[in-house]
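Q: I am new to this structure and would like a close look at one part of it. Please take it step by step.
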Amino acid sequence: MNELSLFVLELAENSAEAGALLVKAEVRSAPESVEITVTDDGEGMTAEQSRDAVNTGYTTKSGRRGRGLPLIKAAAEKTGGGLSLSSRAGKGTKVRVRFIKNEYCPPMGDINSVIRILAICHSNMDFRFEIEQSGKRMTFDTRVIKERIAPAKISSGGVSSWIREYLNEQTEFIFGGAANEITC
Amino acid sequence: MKSLAELQAIREKTRLQLNLRHESPDNVSVKVGLATCGIAAGAREVICAFVDELEKRGIENVTVTAMGCIDKCDKEPIAVVEVPGEEKVTYVNMTPEKAVRVIEEHIVNKKVVAEYTDGAAV
């Protein structure tokens, strides 16, 4: 799992498993670093659970929430960056990961597919994505889309192809190339 | 550029299809493992293949969702297909190519792709 976009997917899936209804993901690329922040309104964790989640991979009986956090933390630390998590039981969780741009920094990878499958596979949840690079910014908010297509579903064929094309245009504008060619 | 206004047109088009769908409530469920193990094994590409192929074929009665880890991490990516009235089928070591075949044979032609199922002789 060595793509920044897969880390975003992993973090968002953790939020889904924590029962979140709204997940906000930000990817900010600066000249020297990339920062990923994922905030959810899920069930949250106690201080002890948060420590376990980051250090050893927190496991609940119903699933394996947070198992990927140590992995992401290690990838970030390898670049000289790091991972921080703040969570409150009953309120939600915020994870911030910082990667320094150097030879160890994983490529962005196919972020568009990640956004699209989250929107489609968790149609009962909402996602807001914000991607920023050198002053250019794109946002994608499932609430805006759902409002316009109701009662049709976000997973219906016409909508899902619109999302794909929309995201391709946006990331091409931001990164100047196809999403899966984006390096860090 | 894609505009949000286009979504309104899609809604009108989909509204007609929705009416048809109400008459055939045979909703097939495809669940793909999206825990750490699934993601690391390539679940993103498998889900994309499912979604893209359904879109290409204009199939609207199939819901693709994410599921957690089912303790078969070494067999990820895993896809569980459930056709109403039939036993659910667990496909293991999935790839985008296999996903396309599962749609064609299992979902369209109602014939389980036995060789991709869990426990099938390798």
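Which residues in α2(A) meet which residues in α3(A)?

A: This is a predicted model. From α2(A), the residues are Ala53(A), Val54(A) and Asn55(A). They meet Leu69(A), Pro70(A) and Lys73(A) in α3(A). By class, this contact has four nonpolar residues, one polar and one charged.

Now the geometry. Helix α2 of chain A covers residues 47–55, and helix α3 of chain A covers residues 69–78. Their axes come within 6 Å. They cross at roughly 60°. Angles from 65 to 115 degrees would count as roughly perpendicular, and those under 35 as roughly parallel. α2(A) and α3(A) are therefore oblique to each other.

Next, the strands of the chain. Strand β1 (residues 22–29) of chain A runs parallel to strand β5 (residues 126–133) of chain A, and eight bridges join them. In this pairing, Ser29(A) stands opposite Gln133(A) in β5(A). β5(A) is also joined by six bridges to strand β6 (residues 136–141) of chain A, and these two run antiparallel. Here Ile131(A) stands opposite Met138(A) in β6(A). β5(A) and β6(A) form a hairpin, with two residues between them. One turn residue, Ser134(A), has a positive phi of about 35°.

Last, the contact between chains. Chain A gives 33 residues and chain B gives 31 residues. On the side of chain A that touches chain B, α1 (4–17), α4 (111–121), α5 (142–149) and α6 (157–175) each supply at least two residues. The largest share, nine residues, comes from α6(A). By class, this side of chain A has 15 nonpolar, 10 polar and eight charged residues.

How values were computed:
Residues numbered from 1 in each chain as written. Chains lettered and ligands numbered in written order. Predicted model: local features only at pLDDT ≥ 70, side-chain atom pairs only at ≥ 80, totals over all residues. Axes fitted to C-alpha atoms, helices over the stretch in contact; angles between N-to-C directions. Helix = DSSP H or I, 4+ residues; strand = E, 2+ residues; numbered from the N terminus. Parallel < 35°, antiparallel > 145°, perpendicular 65-115°, else oblique. Contact = placed C-beta atoms within 7 Å. Nonpolar A, V, L, I, M, F, W, Y, C, P; charged D, E, K, R; others polar. Pairing = 2+ DSSP bridges.
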